[in-house]
Amino acid sequence: MSGVLNWLLDLLPGGRSADREVVIPDDLWHEVCRDQPELAGLGDEAFGRLRRLAGRFLAGRPFYGGGDFRLDDARQLRIATLAVLPVLELGLDWLDGIRSVVVYADAFHVDHEEVDEDGVVHHVRDLRAGEAWEHGTLVLSWADIAAGLDPEHATSVVVHEVAHFIDGVNGMENGFPPLPRGYDRAHWTRDFQAAFDRLNDEIDAGVEPSIDPYAATNPAEFFAVLSEYFFRLPGELQHFDAGLYRHLAAFYRQDPMARQAP
Ligand code: ZN
């Protein structure tokens, strides 16, 4: 694993490390933003704030290429920009739990244990495109990030993993992130539970669901997958459940539907 610290040479002076910011060159910024579907339709002011947030994200965390994967500046910037998009209106504090970023060339294997219905522990090896480690490492597959440059591709692995971190800010990844003060928590829970149950019922009945069936895995994956749709294919989320689109718009304080070209 090789450390990549070339950005740090360009750090703006700052008091606390949290205030530091990497200076992103104009040509690199435009190269990265031009073809990233999640960023289409963002206004100039929002782009400016996104750029500064990405610079602060890069300044505060080491990035590492897993194996012999070469993680150049453009790749780091693309990951940082996608990572801060969900917190554009919330603030970078929400990503304090992400302490480092590890990127592999392709999907990677993760060993873990699963307990079956009889209480027997099984050692399982899964292939993953991304993973949010509890101790603060965001692990990603570059092949899956690159696949996300295709606008027809539904998934956004960086947004997915960041959504898990955001969900876990209140201590547990359970599809119930810390909601704004005064938000009707019962309304959120009722609507998310009903849609989660409906998706599982459709799958059980053999009906092909209109969103990625991985969302039916558990409420945490439901929130993460819906967050991908929210930023990437908001029309499809609205079609799946308009009420959940409104909840996520209120939570993230963004309205990606309004950014879509008419
Ligand atoms: Zn997930």
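## Aromatic pairs

F63 is buried, at a relative accessible area of 1%; here buried means under 20% relative accessible area, exposed over 50% and partly exposed in between, with a 1.4 Å probe and protein chains only. The model is predicted: local features need pLDDT of at least 70, side-chain atom pairs count only at pLDDT 80 or more, and totals for chains, interfaces and linings use all residues. Residues are numbered from 1 along each chain as its sequence is written, and side-chain values use heavy atoms, with hydrogens and water left out.

F57 is also buried, with 0% relative accessibility. The structure holds 18 aromatic pairs, where rings of Phe, Tyr and Trp (its six-membered ring) pair if their centres lie within 6.5 Å, and planes under 30 degrees apart count as stacked, over 60 as edge-to-face and the rest as tilted. One of them joins F57 and F63, with ring centres 6.2 Å apart and planes at 80°, so this pair is edge-to-face. Y183 and W188 make another edge-to-face pair, at 6.2 Å centre to centre and 75° between the planes. Y183 is partly exposed at 22% relative accessible area, while W188 is buried at 1%.

## Helices α6 and α7

W188 also belongs to the contact between α6 and α7. Helices (H or I, at least four residues) are DSSP runs, numbered from the N terminus. The axes of α6 (residues 185–204) and α7 (residues 219–232) come within 11 Å and cross at roughly 95°; axes are lines fitted to C-alpha atoms, for helices over the stretch in contact, and angles run from 0 to 180 degrees between N-to-C directions. The two helices are therefore roughly perpendicular, a class that covers 65 to 115 degrees.

On the α6 side, the contact (heavy atoms within 4.5 Å) is made by W188, F192, A195, F196 and L199, and on the α7 side by P219, F222, F223 and L226. These residues divide into nine nonpolar, no polar and no charged. Ala, Val, Leu, Ile, Met, Phe, Trp, Tyr, Cys and Pro count as nonpolar, Asp, Glu, Lys and Arg as charged, and the others, Gly among them, as polar.

## Surroundings of D241

D241 sits in the loop between α8 (234–240) and α9 (242–252). D241 is buried, with a relative accessible area of 18%. Apart from neighbours within four places in sequence, D241 is in contact with A195 and R198.

The side chain of D241 makes a polar contact with the side chain of R198 at 3.3 Å. A polar contact is a pair of N or O atoms within 3.5 Å; within protein, one must be able to donate a hydrogen and the other to accept it, and residues adjacent in sequence count only if both atoms are side-chain atoms. The D241 side chain also reaches the backbone nitrogen of L244, at 3.1 Å.

How values were computed: Angles under 35 degrees count as roughly parallel, over 145 as roughly antiparallel, 65 to 115 as roughly perpendicular and the rest as oblique.
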